[in-house]
Amino acid sequence: MTTPLYNAVCLFVASGHAKVILDIIEQEGRYRIHGLFDDHQALWGQSLFGYPVLGGKSALKKSPMPLIISIGDNQIRFRLACEFKEKNFSFLTAIHPSASVSRGVTIRDGTVVMAGAVSYTHLTLPTKRIV
């Protein structure tokens, strides 16, 4: 069965942090996970929590689906976000159902809000961040 593109998401990097984000996306239930991409060729054809690692950046460039960068290191994630943004990728936001997000909070694209996170009113969460 092919995943519909309008609600599918891809993750870039099949890492430990990706496991956490996969769990958030599954629990949130808003998107279908198409698969993961990673530049480590040894991971290609493998799976992470049952989702396929489909290739590296070159394979990802052919995907019209939105992306979540699943790297915990802020500097690396920011550098990759800039690189993907220059190539016109779109980003999705994932929010764990147990997170407390107050009214008036602005969450920008590519941000992941983890389990148990609390954000208070009139807060703006920048792009591609982990909360």
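Leaving aside its neighbours within four places in sequence, which residues is Asp-38 in contact with? In this predicted model, the partners are Phe-12, Val-13, Ala-14, Leu-43, Trp-44, Val-53, Gly-55 and Gly-56. Asp-38 itself sits in the loop that runs between strand S2 (32–37) and strand S3 (47–48). Its side chain reaches the backbone nitrogen of Ala-14 at 2.8 Å. Although buried, Asp-38 has no salt bridge, and the nearest side chain of opposite charge, Lys-57, is 9.8 Å away.

Of the 131 residues, 45% are buried. Among contacts with a separation of 6 or more, 47% join residues 24 or more positions apart. The accessible surface comes to about 7100 Å², and carbon and sulfur atoms hold 53% of that area.

Turning to charge pairing, side chains of opposite charge can pair when their charged atoms come close. The chain has three salt bridges. Lys-57 and Glu-83 meet in one of them, at 3.0 Å from N to O. This pair links distant parts of the chain, with Lys-57 in helix H2 (residues 57–60) and Glu-83 in helix H3 (residues 74–86), 26 residues apart. Both Lys-57 and Glu-83 are buried. Glu-83 also forms a salt bridge with Lys-87, the closest N and O atoms lying 3.7 Å apart. Lys-87 counts as partly exposed because its relative accessibility is 40%. Through shared partners, Lys-57, Glu-83 and Lys-87 are joined into one network.

Glu-28 and Arg-30 also form a salt bridge, with their closest N and O atoms 2.9 Å apart. Here Glu-28 is buried at 18% relative accessibility, whereas Arg-30 is partly exposed at 43%.

Notes: Residues are numbered from 1 along each chain as its sequence is written. This is a predicted model: local features need pLDDT of at least 70, side-chain atom pairs count only at pLDDT 80 or more; totals for chains, interfaces and linings use all residues. Side-chain values use heavy atoms; hydrogens and water are left out. Buried means under 20% relative accessible area, exposed over 50%, partly exposed in between (1.4 Å probe, protein chains only). Contact means heavy atoms within 4.5 Å. Accessible areas come from the Shrake-Rupley method with a 1.4 Å probe; for residues, only the protein chains shown count as cover. Helices (H or I, at least four residues) and strands (E, at least two) are DSSP runs, numbered from the N terminus. Lys and Arg count as positive and Asp and Glu as negative; His and the chain ends are not counted. A salt bridge is a side-chain nitrogen of Lys or Arg within 4 Å of a carboxyl oxygen of Asp or Glu. A polar contact is a pair of N or O atoms within 3.5 Å; within protein, one must be able to donate a hydrogen and the other to accept it, and residues adjacent in sequence count only if both atoms are side-chain atoms.
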